[in-house]
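Biologist: I'm new to this one, could you walk me through it? Just plain answers, please.

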Amino acid sequence: GPDTPIRAVLDEAAIRVDRDFTDRPELLADLHHILGDTYGALGLIEEAVRHHDRSLALRESIYVAPHPKIAEALYYSVAGSRDHLAQSALTMQRALDMLRQRNEGNNFPFIARDLAGRYRMMGRPRQAAEVAAEGAIVAEARFVPGDDGFRYRDTILWLLVTTQAAALL
């Protein structure tokens, strides 16, 4: 009903998803990803991480690496983490390497921007600038009119260019 808190609905969905979609692993992985995003948007990081990790495990059991779905799940498994910069940077680098090999999907510029930020925080400005520049090149090439990612083009390019400039400074 309209008075039910979103958290209660989300918790119920989290309980039911594994039971109701066991026979559809691709959908189950996507649903765990969505649950992770939603918990994260509510600031419930522990729950978000749990669902993103479940999505990653499912996707690694379904797809053969390198695969864009695995790369996306790798990224989201560490995206909210700022505690272990070096480890999350390695995971993000692995995701970018997969996307380079497959050359598909729209996540590359976003992962590149976050990885560049981590490199900056780790005191590695040259790597930060290089990753940000590569992300901008990919965004310019992929986010063209008619592409689903086009709506993000201006924002991600601005973020990547400013991240690169900050790293170079």
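**A tour by residue**

Modeller: Let's start with T163, which is in contact with R113, A116, G117, R120 and A132, leaving aside its neighbours within four places in sequence. Contact here means heavy atoms within 4.5 Å.

Biologist: Before we go on, what are we looking at, and how is it numbered?

Modeller: It's a predicted model, where local features need pLDDT of at least 70 and side-chain atom pairs count only at pLDDT 80 or more, while totals for chains, interfaces and linings use all residues. Residues are numbered from 1 along each chain as its sequence is written, and side-chain values use heavy atoms, with hydrogens and water left out.

Biologist: Okay, back to T163. Which helix is T163 in?

Modeller: T163 is in helix α8, residues 153-168. Helices are DSSP runs of H or I with at least four residues, numbered from the N terminus.

Biologist: And is T163 buried or exposed?

Modeller: T163 counts as buried, because its relative accessibility is 6%. The cut-offs are under 20% relative accessible area for buried, over 50% for exposed, and partly exposed in between, with a 1.4 Å probe and protein chains only.

Biologist: What does the side chain of T163 reach?

Modeller: The side chain of T163 reaches the backbone oxygen of L159 at 2.7 Å. There's also a polar contact of 3.3 Å between the side chains of T163 and R113. A polar contact is a pair of N or O atoms within 3.5 Å; within protein, one must be able to donate a hydrogen and the other to accept it, and residues adjacent in sequence count only if both atoms are side-chain atoms.

Biologist: What about A167, what does A167 touch?

Modeller: A167 is found in helix α8 too, and A167 touches R120, P125, A128 and A129, not counting residues up to four places away in sequence. A167 is buried, with a relative accessible area of 8%. A167 and P125 sit 42 residues apart in sequence, yet their C-alpha atoms are 4.7 Å apart in space.

Biologist: Changing topic: how many aromatic pairs are there?

Modeller: Searching the whole structure gives 3 aromatic pairs. In one of them, the ring centres of F110 and F143 are 6.0 Å apart and the planes are at 35°, so the pair is tilted. F110 lies in helix α6 (residues 108-121) and F143 in the loop between α7 (125-142) and α8, so this pair ties together parts 33 residues apart in sequence. For the terms, rings of Phe, Tyr and Trp (its six-membered ring) pair if their centres lie within 6.5 Å, with planes under 30 degrees apart counted as stacked, over 60 as edge-to-face and the rest as tilted.

Biologist: How accessible are F110 and F143?

Modeller: F110 counts as partly exposed at 24% relative accessibility, whereas F143 is buried at 0%.

Biologist: And how do F110 and Y152 pair?

Modeller: Their ring centres are 5.6 Å apart and the planes are at 90°, so F110 and Y152 are edge-to-face. That pair links F110 in helix α6 with Y152 in the loop between α7 and α8, 42 residues apart. Y152 counts as partly exposed, at 35% relative accessibility. F110, F143 and Y152 form one aromatic cluster.

Biologist: Which residues line the second largest pocket?

Modeller: The second largest pocket is lined by N106, N107, F110, F143, D148, G149, R151 and Y152.

Biologist: Last topic: where is H33, and what does H33 touch?

Modeller: H33 is in helix α2, residues 25-41. H33 touches H52, S55, R59, E72 and Y76, not counting residues up to four places away in sequence. With 9% relative accessibility, H33 counts as buried.

Terms used:
Helix = DSSP H or I, 4+ residues; strand = E, 2+ residues; numbered from the N terminus. 1 Å grid on protein atoms, 1.4 Å probe; cavity = no way out; pocket = protein on both sides within 12 Å on 5 of 7 lines; lining within 4 Å.
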